[in-house]
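Welcome, and thank you for opening your viewer. Please load the model, and we will walk through it stop by stop.

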Amino acid sequence: MIHTIEWKDSGVVMLDQRLLPRQEVYRTYSRYQEVAEAIRTMVIRGAPAIGVAAAMGIALGVKNSPVDSIEDLDAAFAIICDTLAGTRPTAVNLFWAIERMKSVYARTREKGVDAIRQALITESLAMHRQDIESNMEMGRLGQELIPANARILTHCNAGALATAGYGTALGVIRAAVNAGKQVQVFADETRPFLQGSRLTAWELNKDGIPVTIITDNMAGHFMKKGEIDCVIVGADRIAANGDVANKIGTYSVAVLAKENRIPFWVAAPVSTIDPKIPDGSFIKIEERDPDEVRKIQGIPITQDEAVVENPAFDVTPHRYVSAIITDRGIARPPFTESIRALLL
Ligand code: MRU
């Protein structure tokens, strides 16, 4: 069992994903500012995990806020929420989680400071539990799509490490294995942060699920040779028309899959759907530190001043997506209609 994030009396405990797979280090954060920094610096990452971390960060900030009056807590709460909202812009789960905490605050406000503190902790724990439950449900529904003896390509890490547990894309794979299917997973390395080679391979190896690491530029080669049967990835934000923001490189994989007539599936909870945006052009793409490209694990691999771009995500147009597996059912094209029906 992988403990990505946990609430303890001492604070929020996270497995430091920057150090995997070489070191398993758990860090305890006792201040909400530290939780925000942990999200920003990718100690924890992956859309659903970021949402749970933000919720726990808010609960922690309010628990530790040294105020007595409700008016002072209102002001402190606004600052805490803004700090967490300012960490990473692309995954909608972060903002979804903050909105959920805000509505608990509003509902509990008249009961006073202590009741709010307790209600926010309870809500963040519920979000943690519900995320695992929705991943299990996604797995149950999605594994039906996976053929026997499937050779499955995945990109980035959409596993237990990217969620409260079990995973979205990797949850579907886990469920297929639990249903008795043999699978072989191909994990794209996923430059520059190496979520595939460092995290996906680590967690699948832990579970004894066969996984082969390939570099990102090898995916087309294996597809063309007929060695990939399906692709399954997670998502950071899904627009109302089914356009999908996910880790940089996902778009290339989706185009290659269509060219090679391979199904391209996205697995994500409905909390990743942003029905307010009509299409993917409205999704803000996070730009990260160029040093993530200039260095690997701190070791320079380019000239120090090499000009670099580092968008962390891209948007895959819905025409490349064969199905979106959610915790409420599987949406298929045309997505505008099928997504709307899921959200009713
Ligand atoms: O930059 P990251 O590591 O947070 O990006 C993560 C991804 O792109 C995942 O595929 C996505 O969040 C889905 S995780 C279940």
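On this tour, contact means heavy atoms within 4.5 Å. What you see is a predicted model, in which local features need pLDDT of at least 70 and side-chain atom pairs count only at pLDDT 80 or more, while totals for chains, interfaces and linings use all residues. Residues are numbered from 1 along each chain as its sequence is written, and side-chain values use heavy atoms, with hydrogens and water left out.

**Stop 1: the two domains**

Now look at where they touch. How many residues of domain 1 are in contact with domain 2? There are 30, and they meet 34 residues of domain 2. About 2,700 Å² is buried between the two domains, with carbon and sulfur atoms giving 56% of that area. Buried area here is the accessible area (1.4 Å probe) that two parts lose on being put together, summed over both. To see who loses the most area on the domain 1 side, pick Arg 45, Thr 90 and Asn 135, which together make up 23% of what that side buries.

**Stop 2: across the interface**

Show side chains next. A salt bridge is counted when a side-chain nitrogen of Lys or Arg lies within 4 Å of a carboxyl oxygen of Asp or Glu. Two salt bridges cross the interface of domain 1 and domain 2. Between the domains there are also 17 residue pairs in polar contact, both residues being at pLDDT 80 or more. A polar contact is a pair of N or O atoms within 3.5 Å; within protein, one must be able to donate a hydrogen and the other to accept it, and residues adjacent in sequence count only if both atoms are side-chain atoms.

Which elements give two or more residues to the side of domain 1 that touches domain 2? Select α2 (47-64), α4 (92-108) and α5 (113-142) to see them. Helices (H or I, at least four residues) and strands (E, at least two) are DSSP runs, numbered from the N terminus. The largest share of that side, six residues, comes from α5.

**Stop 3: the ligand**

Centre the view on the ligand, which 19 residues surround. A residue counts as near when one of its heavy atoms lies within 4 Å. Among the closest are Arg 45 and Arg 88.

- from a backbone N or O atom of Gly 46, 2.9 Å;
- from a polar side-chain atom of Asp 236, 2.8 Å;
- from a polar side-chain atom of Lys 247, 2.7 Å.

**Stop 4**

The salt bridge count comes to 20. For one of them, select Arg 100 and Glu 123, whose side chains meet at 2.7 Å, N to O. Arg 100 lies in helix α4 and Glu 123 in helix α5, so this pair ties together parts that are 23 residues apart in sequence.

**Stop 5**

Most residues other than glycine have a negative phi, and most peptide bonds are trans. Go to the loop between β5 (183-188) and α7 (195-207), where Pro 192 lies. The peptide bond from Arg 191 to Pro 192 is cis, with omega near 5 degrees. Leu 194 is in the loop between β5 and α7 too, and has a positive phi of about 65 degrees although it is not a glycine.

Finish at Pro 333 and Pro 334, joined by a cis peptide bond with omega about -5 degrees. Pro 334 sits in the loop between β16 (329-331) and α11 (335-343).
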